[in-house]
Amino acid sequence: MSSHTGAQRYFIPHNSPWSFAITVGFFALLFGTAMLLSGMEKSGLAILCAGAVVMIVCMVGWWRLVIHESESRTYRALEDSSFRWGMVFFIFSEVCFFGAFFGALFYSRLFVLPFLSGASNNLFTEVLLWPGFVAQWPSNGPGNLGGTFEGMTPGGIAAMNTALLFISAVTVTIAHWGLKNGHRNIVKVFLALTFFLGFTFVVSQAHEYIHAYQQLGLTLGSGIYGTTFFVLTGFHGTHVTIGAIALLVIWVRVMRGHFDEHHHFGFEAIAWYWHFVDVVWLGLYLFVYWL
Amino acid sequence: MTRKLAVLPILCAALFAAPAAWADLQFNMPRGVTPISHQIYDLHMFAFWMMVGLGVVVYGGLMWTVIFHRRSRRKKASQFHENAKVEIVWTTLPFLILVALAIPASIVLVNTQNFHNSDLKVQVTGYQWLWQYEYLDKKAEPVYGFYSRLSLASLKRMSIDPPKSPWTDPHYLWDVNHPMIVPVHKKVLLLITSGDVIHSFWVTEFGGQVDAIPGRITQWWINVQKPGIYRGVCNQICGGGHAYMPVVVVAVPQDAFYRWLAASRAGRTSGPPTMAQAKALMHGNVPLALNGASSSEKRLASEVKS
Amino acid sequence: MSTEATTVHGHGPAPGIMRWITTTNHKDIGTLYLTFSFIMLFVGGAMAMVIRSELAQPGLQIVNPDFFNQMMTLHGLVMIFGVLMPALVGFANWLVPMQVGAPDMALPRLNNWSFWLLVAGMSMLLSTLLMPGGAMEMGWTMYAPQSLQTPFSFAFSIFSIHLMGISSILGSINIIATILNLRAPGMKLLKMPLFCWSWFVTAFLLIVIMPVLAGGVTMLLFDRFFGTSFFDAAGGGSPVLFQHVFWFFGHPEVYVMILPAFGIISEIIPTFSRKPIFGYTAMVYALACISFISFAVWAHHMFTSGMPTAANLFFMYASMLIAVPTGIKIFNWIATMWRGSLTFETPMLFATGFIVTFTIGGFTGVMMALVPADFQYHNSYFIVAHFHYVLAGGTLMALFGGIYYWLPKWTGHMYLERLGKTHFWLTIISLNVLFFPQHFLGLAGMPRRVPDYALQFTDFNLISSIGAFVFGASQLLFLYNVVRTVHRGKQATDRVWEGAHGLEWTVPSPAPYHTFQEAPDVK
Ligand SMILES: [Cu+2]
């Protein structure tokens, strides 16, 4: 067995300290958050912050290492392909995560509300427990939780946000095209543009939340409508934020001269991710704002 | 070694020479006392014997190969690893068996969900950890109701510090202070819900259970064929007291039932029925206090019949 | 040659404890998973002993009902997330790269991270036992709204599920990437050993269901702390929603625990029958079929929740349909043994025992798919018996068999054959003494998840508890046998079993630290 040909078949990193350390940080972050939620505010916050710091340090350390390995061309076609499969299935798992919340939305609208108003085999649910309740959408339930409110409309901020994300999908694709064809200036400009579009999206989403709370009377406590609206758009917004930060990192790397025509998995991974948040938004716009 | 062996016959004797003990053991589902429970029992037995038949085939084949295809008997293994015919057979045959099971199961399921034309409606509400029974009139308004919780006798024996023997109470965890009362030979619709967390109303003799879900009404219908005391439990984990919220339903003759209900509505009873009172009703002994219903009480009684 | 290669490369393990903390080697990580799972087996087993001790007699003798409920909840979560899944992932780590001829897992650092996330999650879960008010009292199903009543430890329990879920997702991504990307040239997908196939399918299941579970428990978290109404009827939500989300995860989850066990059995039986597996292609399609249908049967856990009849019928038919591919697997195993030249070393004993006990669980499973019959079986001890026949009589037996089968390859030592056989007979007898009477209890009306019961259930509970103690004690033999084999024992040959085929049997025993750095020839 010749060691050299063997070592060249696939890159196997040795002794990774970051994964263990990041787990310690993550554990502290979650443990602190749980303490915070359970009424131990001060010590919880302290542990939370300590965990967050450890996590950020580890993430930076881990990624620096990976970026270094990538730029020194340690990874070749076979490694690249592993990363691609990894990213594909990671995004697939994210789709399933959103699937749970979309499922909750559909189930509540199509089954729970009609059942509460006496549909199907639930005649007595309405008669005995919620007399007079009529299913409609938006709804805060037969208990009228959170008081009267106005639902979201597909116009205004939502329409603008849709436009923002759509344009950003185009710009990131142009940047990708530029990278593949060696036009680095195009990459720099359009990647920056994509980031700013994403950033603007997050800001206007925050603005929309304030509007909902202050003018529409719509809160997290507004029954099933408020619940599904804020949780679905909230998780989507979180993903947009993460994606925007990732875009920024990639932009910095492009500015430093990273990537070339054939070697830019990091760029593509984020581009895929960005398209994924786009598609989720499409679902949100359709089922949360419109229908 | 010999001492060890000596234990064996004693053990065997203890197991088999005590037929009385074995007779007390219940191995199977009770056949129950309602039309639905009978159908479910028959379905259960049908499925059971189907599975026994399949088991004979599977375990028979396995035993055969384990005994006859050992290396001590077959030095050389055959090397076949495919046979389309048998594969088709053991894909199709189980499928046919499943169809044979699915047909009666579907029919029985539809029968269990036939909630129309009930003679009496009772709302059953689960709480941590007790039940509430409310008798409804034709407009589904409650006319009389009470709470039912674990019997005092059980409560007294239910202690860990110091541990107490439950054996002095023959109905340990199986008895309540106020049982639910239903008439025999009447279609009774149970409208089941919960006031806090999910419970489940399960009396084996009535053929099954239904979850008690907060904010929802689930249904089960019974038509008890003979007077008696039928016992059940809460069957959905609902906290520390989950084991301590039994269900006791006493089925009584119709006449006794309606007179008891009318008297209870009119406030002429000493409160919700006790086990002793329920047993008396079950035997058709209507206490004097419940007799001589006025015409208005008769009207009240007839209101719940629909 | 193997040891030489290791030292020459300078890629041997790091010294001391850091080897285990920072390792990216699939064999080291496999060992970590298996060791962790072994420890958790005794933790979860100790909880089971508490449960069976309390249930040996009616009345309360040992623990109060709240603590009993916590034991019952943690027993379930520990056995599922701490024992069965990690053990199967441990097997995957050891075997998938060796069986497909890969130099390691595709994403080695991620592999290490998956393991430590699991340890973090399990530590957080077990720490809830020490918190004021104790752990969750809900059973592993965590049904709303009762789980929302959990005192202090609620958020910790939820986050522990998140951690274990992330661990599973990342581990599955790694397995899929390894199988898709790192197979040796010539190792076509339909040439892969069935164990790899079973994990390939399982990894898909995990990637779909784990995020859904994460979503479900996140909804619990929001309902508890942020005033949302997912599970509150007054706000237009429903507690039944949680059951749907949970079982959309939970039903494929039971296949996650049984499919790799099928894979292990499909490796052991041909070896000791000295015959190729019967109907390889049918076995692969059956795996795919089971996992596909498993997404459409979840509500058979909810037949008593008052679903409309049409839904009940649909889920009944779909659930029954799963019996067909499962039956194919059982028939194919028996056909593999048919006219073979069988010997019954310990792994084969466990594989045969697996067929016997798992099939009992399969039969009761078909009975429970019948909605009206399930109105009686649901949540009774009948179902406790059913899923323990599947998970203890199925997965655990397969795991034992798999350990005995591959331990010589991993350690280079043969285990003690007689002790292994004793372990088998004690296990299978006590397992049946433990779980078979529970069928009778359930049919007679004993509910599950109770610390105390009415007097007529006493006899069978006592028998069951005696079985449990013997079952628990028997595992100490296993512990001794494994620990001893790790340290010493008769030197194992490379092939170990004369009928064994597959790439892992072509490397030396113990398997060198790095295998297949050069792609092997696959014929
Ligand atoms: Cu209850």
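**Close-up views of a predicted model**

No salt bridges are counted between chain B and chain A. The structure shown is a predicted model.

**View 1. The contact between chain B and chain A.** On the chain B side, eleven residues are in contact with ten residues of chain A. The size of an interface is often given as the accessible area lost when the parts come together. Between them, chain B and chain A bury about 890 Å², and 65% of this area is on carbon and sulfur atoms. In chain B, the residues that lose the most area to chain A are Gly215(B), Arg216(B) and Ile217(B), which together account for 54% of what that side buries.

**View 2. Polar contacts and the makeup of the chain B side.** Four residue pairs, with both residues at pLDDT 80 or more, are in polar contact between chain B and chain A. Two strands of chain B, E1 (120-127) and E5 (188-194), each supply at least two residues of the side that touches chain A. The largest share of that side comes from E5(B), with three residues. Sorted by class, the side of chain B that touches chain A has five nonpolar, four polar and two charged residues.

View 3. Asn481(C) is located in helix H16 of chain C, which covers residues 458-487. Its relative accessible area is 1%, so Asn481(C) is buried, the cut-off being under 20%. A polar atom of the Asn481(C) side chain lies 3.1 Å from the backbone nitrogen of Leu416(C). Leaving aside neighbours within four places in sequence, Asn481(C) is in contact with Tyr404(C), Tyr415(C), Leu416(C), Leu419(C) and Gly420(C).

How values were computed. Residues are numbered from 1 along each chain as its sequence is written. Chains are lettered from A and ligands numbered from 1 in the order in which they are written. This is a predicted model: local features need pLDDT of at least 70, side-chain atom pairs count only at pLDDT 80 or more; totals for chains, interfaces and linings use all residues. Side-chain values use heavy atoms; hydrogens and water are left out. Contact means heavy atoms within 4.5 Å. Buried area is the accessible area (1.4 Å probe) that two parts lose on being put together, summed over both. A salt bridge is a side-chain nitrogen of Lys or Arg within 4 Å of a carboxyl oxygen of Asp or Glu. A polar contact is a pair of N or O atoms within 3.5 Å; within protein, one must be able to donate a hydrogen and the other to accept it, and residues adjacent in sequence count only if both atoms are side-chain atoms. Helices (H or I, at least four residues) and strands (E, at least two) are DSSP runs, numbered from the N terminus. Ala, Val, Leu, Ile, Met, Phe, Trp, Tyr, Cys and Pro count as nonpolar, Asp, Glu, Lys and Arg as charged, and the others, Gly among them, as polar. Buried means under 20% relative accessible area, exposed over 50%, partly exposed in between (1.4 Å probe, protein chains only).
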